Amino acid sequence: MLDLRHLRNAAQSEGGVSRRLFLSYSSALAAVPLLGTRVEGRVLRRVSFDRDPFTVGVASGDPDANGVVLWTRLAPDPLTPDGGMSRDLIEVQWEVATDDAMQTIVQRGTTIATPQLAHSVHVEVDGLDSDRWYWYRFRVGEAESPIGRTRTMPELMDLPDQLRFAFASCQHYESGLYTAYEHMANDDLDLVFHLGDYIYEGAGRDGQVRKHEGPEIQSLADYRIRHAQYKSDPMLKAMHQACPWVVTWDDHEFDNNCAADISEEAGVDPVEFLFRRANAYQAYYEMMPLRRRSLPQGPHMQLFRTVTFGRLANFQVLDTRQYRSDQPNNDRPSPLNEAALDRRNTLLGDHQYGWLQSSLLESGSIWNVLAQQVMMAMVGFPTDDGQIVHSMDQWPGYAHERMALMRFLQDRNVPNPVVLTGDIHSNWANDLRVDDREDDTPIVASEFVCTSISSGGNGRATIPNLEERLAMNPAVRFFNAQRGYVRCTVTPQSWQSDYQVVEEVTKPGAPAVTKGSFVVEAGKPGIEQS
């Protein structure tokens with residue numbers, strides 16, 4: 001029987017799901033076995049495959065000072081609902097070595113791939129040495145996976161000389177190729193942060209660079225196939241093999257512009273919407289290198305968490321979709337009116353907001369980073385009638401909570417806050433204040449926004465009336481609307497963000513160029529061009 005406490009919370013706090021709908025949903029899910037419970041039955045230990053079962057590759061993620069999650073999924077026929085697998089339990093062997101030839105094995109073991117989780121495995125390796133690289137692989141029967149590379153983090157009280165990581169978002173499969181990952185793989189990174197829109201849920205369309213399998217995804221099988229299609233991309237698979245990833249979602253992993261249990265489309269039954277969300281969340285867990293603490297319970301899954309790189313950097317990974325209230329002003333670009341400034345609006349929800357405050361107060365790191373989804377700068381643009389409007393799906397639609405968070409960072413003297421953002425399909429570098437409309441007040445934090453990997457096609461370097469628009473937003477230090485990612489080099493003294501742009505994603509082979517580099521000096525708020 002499912003633990004229904006989370007559904008009761010949905011009934012109470014996520015858009016006011018009624019008691020009737022809550023009971024209906026509870027009844028519908030009562031027959032679904034709880035994921036992760038002990039599974040009884042025959043385990044196949046000697047399995048033969050006529051095709052490669054490791055078609056979606058290997059990955060690692062959520063590293064700490066002593067270990068990391070190792071992930072793969074058995075799927076010889078990945079674009080089918082069951083991945084080409086039977087309903088049997090399959091024993092999978094894993095090994096971790098200190099060399100890329102896998103000669104010096106330091107840990108090995110077995111795990112069980114179950115049909116309940118689409119024969120995915122999430123091995124939480126512990127007991128490794130801190131701050132070092134390892135290599136890993138999986139075996140099942142005579143089949144052997146590619147060898148992946150991963151690493152552990154420095155001990156909490158150690159101060160490393162440097163961290164090199166990249167962050168990315170928005171990789172619409174149909175819109176373009178993943179050329180950015182091809183270049184990222186040459187950057188010798190310690191980590192990758194993916195800030196959401198790993199997949200897109202829309203139906204396949206003709207005339208695109210590539211085509212989604214099937215209609216708009218709704219069922220668990222639909223979401224599994226869509227994730228497998230994305231994971232089949234060789235450049236994405238290679239980047240997952242290169243280093244550990246830390247992932248969080250935005251909206252398209254489930255449904256565009258969703259807000260808790262509320263669809264952007266009118267008339268959608270919130271119970272059916274939560275049922276769809278349970279499908280999306282399970283498939284996401286199955287296909288990502290996440291720890292067991294993120295195992296979904298029905299339509300709920302905890303993704304907010306802390307990742308540390310010694311005393312150099314503390315990353316608070318946020319979820320700004322699952323707990324948010326509905327976008328104000330019917331999610332239309334709007335002035336910062338009474339609805340946008342309503343103190344009841346929340347992106348984080350009470351529990352996550354309290355956790356974030358506590359985590360920031362406990363941090364002993366030089367750099368304190370929020371890895372999250374939607375733009376925090378209060379950027380406004382003029383309309384034909386002279387109004388200044390803001391996106392209500394981003395932090396300006398939740399302006400009271402946003403300003404309270406900035407005031408918390410300022411009043412508590414949180415060291416060197418940096419915000420990493422995705423979602424918007426364009427590059428930005430922003431100085432953040434408590435209220436960005438008051439540009440004569442102190443800078444509190446820095447925000448670096450990455451463009452999309454492929455969403456939106458090739459994009460463009462500028463937009464009409466750019467200089468005029470930026471002049472209205474003194475918080476903005478840089479803008480670009482091409483494709484790519486952001487590469488960051490962090491030391492105890494400084495933070496540098498390099499905006500790596502791929503000028504064409506509709507054809508293979510485009511080079512990557514550094515479109516802009518920006519630096520924040522430790523102890524000195526504000527972004528400077530490098």
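# Close-up views

**View A. Ala260 is buried, with a relative accessible area of 4%.** Buried here means under 20% relative accessible area, exposed means over 50%, and partly exposed lies in between, as computed with a 1.4 Å probe on protein chains only. The model is a predicted one, in which local features need pLDDT of at least 70 and side-chain atom pairs count only at pLDDT 80 or more, while totals for chains, interfaces and linings use all residues. Residues are numbered from 1 along each chain as its sequence is written, and side-chain values use heavy atoms, with hydrogens and water left out. Ala260 is found in the loop between E12 and H6, where helices (H or I, at least four residues) and strands (E, at least two) are DSSP runs numbered from the N terminus. The loop between E12 and H6 also holds Asn257, which counts as buried at 17% relative accessibility. Although Ala260 is not a glycine, its phi is positive, at about 55 degrees, and Asn257, likewise not a glycine, has a positive phi of about 55 degrees. Most residues other than glycine have a negative phi.

**View B. Helix H4 (residues 220-231) and helix H6 (residues 270-286) cross at roughly 35 degrees, and their axes come within 8 Å.** The axes are lines fitted to C-alpha atoms, for helices over the stretch in contact, and the angles run from 0 to 180 degrees between N-to-C directions. The crossing of H4 and H6 is right-handed, that is, the near helix is turned clockwise from the far one by less than a right angle. On the H4 side the contact is made by Leu220, Tyr223, Arg224 and His227, and on the H6 side by Arg276, Asn279, Ala280, Gln282, Ala283, Tyr284 and Glu286, contact being taken as heavy atoms within 4.5 Å. Sorted by class, the residues in this contact are five nonpolar, three polar and three charged.

**View C. The largest nonpolar core has 47 residues, and those with the most contacts inside it are Tyr181, Met184, Met239, Trp245, Tyr284, Leu290 and Met301.** Such a core is a set of buried Ala, Val, Leu, Ile, Met, Phe, Trp, Tyr and Cys residues joined through side-chain atoms within 4.5 Å. At least two residues of this core come from each of strand E7 (133-140), strand E10 (163-168), helix H3 (179-184), H4, helix H5 (234-242), strand E12 (245-247) and H6. H6 supplies the largest share, six residues. A second, separate core of 39 residues includes Val379, Val414, Leu432 and Val449. Leaving aside residues up to four places away in sequence, Tyr181 touches Ala168, Gln171, His194, Met235, Leu236, Met239, Trp245 and Ile453.

**View D. Thr491 lies in the loop between strand E22 (476-490) and strand E23 (494-502).** With a relative accessibility of 16%, Thr491 counts as buried. Its contacts, not counting residues up to four places away in sequence, are with Asp161, Gln162, Leu312 and Trp367.

**View E. Asn329 lies in the loop between strand E14 (313-317) and helix H7 (349-362).** The side chains of Asn329 and Asn337 are joined by a polar contact of 3.1 Å; a polar contact is a pair of N or O atoms within 3.5 Å, of which, within protein, one must be able to donate a hydrogen and the other to accept it, and residues adjacent in sequence count only if both atoms are side-chain atoms. Not counting residues up to four places away in sequence, Asn329 touches Ser334, Pro335, Asn337, Ala339, Ala340 and Met392.

**View F. Gln410 belongs to helix H8 (residues 399-411).** At a relative accessible area of 31%, Gln410 is partly exposed. Gln410 and Ala445 are 35 residues apart in sequence, with 8.7 Å between their C-alpha atoms. Beyond neighbours up to four places away in sequence, Gln410 touches Val434, Pro442 and Val444.

**View G. Arg469 is found in helix H9 (residues 466-471).** Its relative accessible area of 27% makes Arg469 partly exposed. From Arg469 to Pro382 the C-alpha to C-alpha distance is 7.9 Å, across a separation of 87 residues in sequence. Leaving aside neighbours within four places in sequence, Arg469 is in contact with Phe381, Ile463 and Pro464.

Conventions
Nonpolar A, V, L, I, M, F, W, Y, C, P; charged D, E, K, R; others polar.
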